[in-house]
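Here is a short report on one protein model. Look it over first, then read on.

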Amino acid sequence: MCLARFFLCNIEADTGKEAVNKPSFRHIFLFSLLGLFAGLIFARYAQLAFSSARGAEQARGIEGDRGNILDRNGRVLAMDMPKYDVSIWKPDTDPEAFSEELPELARILGVDPAPLAAKYANGGQNYFYAARRAEMDSAKALAEAKSRGKFKGVQVEEVSGRFYPEGKLASHLIGFTGEGNRGLEGLEKKYDRELAPKPRKTSDGTGRLSDSGSLKPRGDTITLTIDADLQFSIEDIMDKAVKANGADSGFAIALDVRTGEILAYVASPGFDLNDYGSYTPERRSDPLSLFAYEPGSVFKVYSMASILDMGAISTSTVFDCDGAYRRTLPSGEKIVIKDLGVYGKQTLAGVLAHSSNAGVGYASDRVSETDLFERLSSFGFGLKTGAGPSGESPGSLQPPEKWSARSKPTISIGQEVLVTPLQMIAAAGAIANGGILLKPTAVALIQSADGEVLYRHERQEVRRVVSEQTARTILGAMESAASMEGTGWRAKVSDQRMAVKTGTAQMIDPKTRSYSATDYIASTLGIFPADDPRIAIYVALVKPRGASYLGGQIAAPVLREASEAALLCLDMDRGKTPTIRSAGEIRLEEPRAIELGSAMPDLTGYSKKELLPLLSRKDFEVTIEGDGYVVSQAPSPGSKIERGSSLKFTLR
């Protein structure tokens with residue numbers, strides 16, 4: 001601009017006739033310069049306008065179906081179903097009639113009429129939403145009422161919405177979607193980009209794929225590592241255990257130690273994913289990846305493995321477990337960590353079998369703070385596993401420079417360290433896996449809607465934590481804990497070699513910032529078969545209020561039940577129990593098709609999966625209650641049905 005002003009001044013100073021009648025070089029240069037400026041401004045404006053439009057398009061997203069989430073056997077756990085946005089266009093409404101009809105509209109949509117009336121009275125907007133992602137029942141009721149001339153100005157638009165066929169199954173792992181069918185929690189959020197609708201591809205006949213506008217956009221399909229049957233069984237076991245022991249909550253996690261695949265991911269109580277808004281954020285919070293707590297005696301497995309692997313102790317080292325760990329500091333201060341009993345002279349196996357604080361404390365005196373910290377860090381404590389949904393906690397393992405004089409023995413028995421269940425099960429996998437830490441995962445496969453494999457899980461070794469010999473020795477010592485002389489005998493499964501460790505941890509009272517006298521976490525870890533490990537299961541009950549709070553008494557029986565479920569669901573060998581296998585070919589039948597004519601068919605025994613196609617029908621109103629298989633139906637078999645009939649199925 002300064003340059004342009006300079007030329008203008010020079011032109012104004014040129015008062016000659018020639019300057020008036022004939023363009024000078026300076027005139028031409030000035031006009032060229034101004035034209036260049038104008039061109040640059042226009043180009044920048046076009047660039048901004050284009051990028052804004054493109055950004056708005058990206059913000060709106062692509063219309064289509066979100067990808068399915070399946071269990072490891074292909075059972076659908078999350079899918080898109082038709083939902084409906086209900087909006088109001090005020091210019092098309094009759095204010096008097098709308099006011100009279102508003103209570104009925106609110107009832108059909110299941111919303112509070114007061115906010116709806118306030119939005120309608122707002123003079124600053126002619127268009128607003130009365131409900132987003134309403135159910136098909138509401139849309140049908142509105143359509144029927146509109147056909148009778150009611151609800152003028154009310155518009156119903158079909159959109160994609162999320163449906164979870166198994167209700168609360170694996171609710172904390174799967175998570176849920178919200179506005180715009182975008183992931184809000186769990187894997188729905190973590191893999192939102194993959195699950196979101198994408199343009200489809202089509203083959204050009206040469207094997208190459210190109211964009212296709214003729215196919216409805218659809219997101220990738222994610223296959224999880226969890227087994228829905230095992231997940232259901234352990235959820236049921238945990239729900240009953242939480243109730244029986246008066247606990248606030250409980251959790252369990254099962255791992256295939258050979259691959260790092262999570263087979264069950266259980267938090268009790270769960271919540272219905274199809275009605276997540278009815279539950280508090282605390283109820284929906286995922287304890288397996290977000291809850292960091294002091295683990296108590298189960299942690300002794302990892303501290304003793306670390307000390308053994310450093311060569312500071314051996315299987316024949318004898319510890320004096322006379323009721324407490326005692327140490328006097330140079331300052332004269334005495335450190336005392338009590339045991340639950342007096343166990344006498346014990347080796348490694350006896351220390352873990354009796355869960356002796358004294359034995360573990362004296363073992364920790366044989367290594368340096370730095371070495372112990374590095375070994376426990378190598379197990380993954382203080383680090384995220386990467387397997388959890390978004391926001392996974394790393395727990396807390398403070399560096400040695402922040403340790404006090406009592407930190408080393410205290411950390412070794414599972415205090416002054418915060419862990420997550422995911423970290424505990426991953427570390428257990430390292431013991432079961434010959435000392436190699438694997439990266440755990442809940443996702444087995446990601447495929448595009450066109451069948452292209454985008455990700456397939458393969459065993460991922462993170463690092464070697466302890467030697468193979470150390471891992472075998474620790475497993476052997478844990479077998480002692482599952483014997484009648486150990487704390488974990490209640491976890492023992494018949495005909496199965498079990499490696500077990502129990503734990504009872506005092507919780508910190510947030511008000512006093514000291515250990516609570518009433519709040520505990522009772523836990524038990526199991527690895528089996530101990531001689532050829534395949535599965536690790538970790539269970540815990542939070543704040544039990546029953547007859548006992550000890551892990552060996554109330555968590556160990558839960559582990560036994562969960563292990564029995566795993567043996568059954570995963571078709572594992574049962575030691576001396578013979579296993580019958582068929583050498584023939586297994587044929588999987590296609591789901592039975594349901595035909596609805598003028599008479600109601602008998603659908604008793606049909607599965608929920610087989611009923612799901614009925615929900616998308618627009619000629620019948622279908623309601624499905626419960627999970628499992630049809631035990632009753634209305635109308636009864638043989639009854640006359642016609643378009644618009646209501647069909648109800650009860651499943652167990």
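## Model and cysteines

Is Cys569 buried or partly exposed? Cys569 is partly exposed, with a relative accessible area of 26%. Buried means under 20% relative accessible area, exposed over 50%, and partly exposed in between (1.4 Å probe, protein chains only). Cys321 counts as buried, at 0% relative accessibility. The structure holds zero disulfides (a disulfide is a pair of cysteine sulfur atoms within 2.5 Å).

This is a predicted model, where local features need pLDDT of at least 70, side-chain atom pairs count only at pLDDT 80 or more, and totals for chains, interfaces and linings use all residues. Residues are numbered from 1 along each chain as its sequence is written, and side-chain values use heavy atoms, leaving out hydrogens and water.

## Aromatic pairs

The structure holds 15 aromatic pairs. Rings of Phe, Tyr and Trp (its six-membered ring) pair if their centres lie within 6.5 Å; planes under 30 degrees apart count as stacked, over 60 as edge-to-face and the rest as tilted. One of the pairs is Phe251 with Phe291, edge-to-face at 6.4 Å centre to centre and 75° between the planes. Phe251 lies in strand β8 (residues 249-256) and Phe291 in the loop between α12 (287-290) and α13, so the pair ties together parts 40 residues apart in sequence. Helices (H or I, at least four residues) and strands (E, at least two) are DSSP runs, numbered from the N terminus.

Phe251 is buried, at 1% relative accessible area. Phe291 is partly exposed, at 24%. Phe251 also forms a tilted pair with Tyr538: 6.3 Å centre to centre, 50° between the planes. Tyr538 counts as buried, at 1% relative accessibility.
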